[in-house]
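Please keep the sequence and the structure in view while working through the points.

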Amino acid sequence: MRSDIVLAKTFTPSYDAVEDRIRLVINYEDYSSRLDLWITRSFLIKLLPVMDEYISKHDKTIQADINENKTADKIETDKTEMQNISSTTDKSTFEVTKKDALLLTTVDISYKAASNQFELIFKTDSVIAKTTTNGTHARIIFKTIFDAAPKVGWGISPALFE
């Protein structure tokens, strides 16, 4: 089976009430490399704790902050960084360029110690989206996806991904 590979630059999740799924759009502003993915409730509930645990285990900046008791400062820095890299979605572009969504079947993560970077691979049956990023950005990607979920409707604790 041959899979197309997309270099993931942006991640834009939104909840679709009709489908009762999260639509994760990769590269929404670039139609030629845009990829729309469906994330189901059960997949999300399994995915987030595993990703958070893996990132926490390998991200050296988080470990250094924990060892030096800089947790509160680090949280504030992460919030500031999240605001800096998050941007407002152009809703008209987002909707007009919508593609048929593919079901997300697997998310692989690997850590590259030499560069302190994480490789995230989002897989469907026919397309793979890849990105390489640091631990803070990886956390932001997964937190943004989690934030799109209807917590009460899906029976998810808002504290699941903090």
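How many helices and how many strands are there in the protein?

1. The model is a predicted one. The protein contains six helices and eight strands. Read from the N terminus, these elements follow the order β-β-β-β-α-α-α-α-β-β-β-β-α-α.

2. Of the 162 residues in the protein, 40% count as buried. The accessible surface amounts to about 9,100 Å², and 52% of this belongs to carbon and sulfur atoms. When contacts between residues at least 6 apart in sequence are considered, 54% join residues at least 24 apart.

3. An open sheet with mixed pairing is formed by four strands, in the order S2-S3-S4-S5. Strand S2 (11–16) and strand S5 (102–103) each have a single partner strand, so one side of each lacks a neighbour in the sheet. S5 pairs with strand S4 (residues 35–39) in the parallel sense, over two bridges. Leu103 in S5 is the bridge partner of Trp38.

4. Helix H5 (residues 135–148) packs on this sheet, where it touches S2, strand S3 (21–26) and S4. The direction of H5 makes about 15° with that of S2.

5. H5 has 14 residues and spans 20 Å from its first C-alpha to its last, close to the 20 Å expected at 1.5 Å a residue. At its N-terminal end, H5 is capped by Asn134, a side-chain oxygen of which lies 3.1 Å from the backbone nitrogen of Thr136.

6. Is H5 mostly covered or mostly uncovered? H5 is mostly covered, with 10 of its 14 residues buried. Among them are Ile140, Ile141, Phe142, Ile145 and Phe146, together with Arg139.

Notes:
Residues numbered from 1 in each chain as written. Predicted model: local features only at pLDDT ≥ 70, side-chain atom pairs only at ≥ 80, totals over all residues. Heavy atoms only, no water. Pairing = 2+ DSSP bridges. Contact = heavy atoms within 4.5 Å. Axes fitted to C-alpha atoms, helices over the stretch in contact; angles between N-to-C directions. Expected span 1.5 Å × (residues − 1). Buried < 20%, exposed > 50% of the residue type's maximum accessible area, 1.4 Å probe, protein only. Polar contact = N/O pair within 3.5 Å; in protein donor to acceptor, adjacent residues only side chain to side chain. Areas by Shrake-Rupley, 256 points an atom, 1.4 Å probe, with all protein chains shown as cover.
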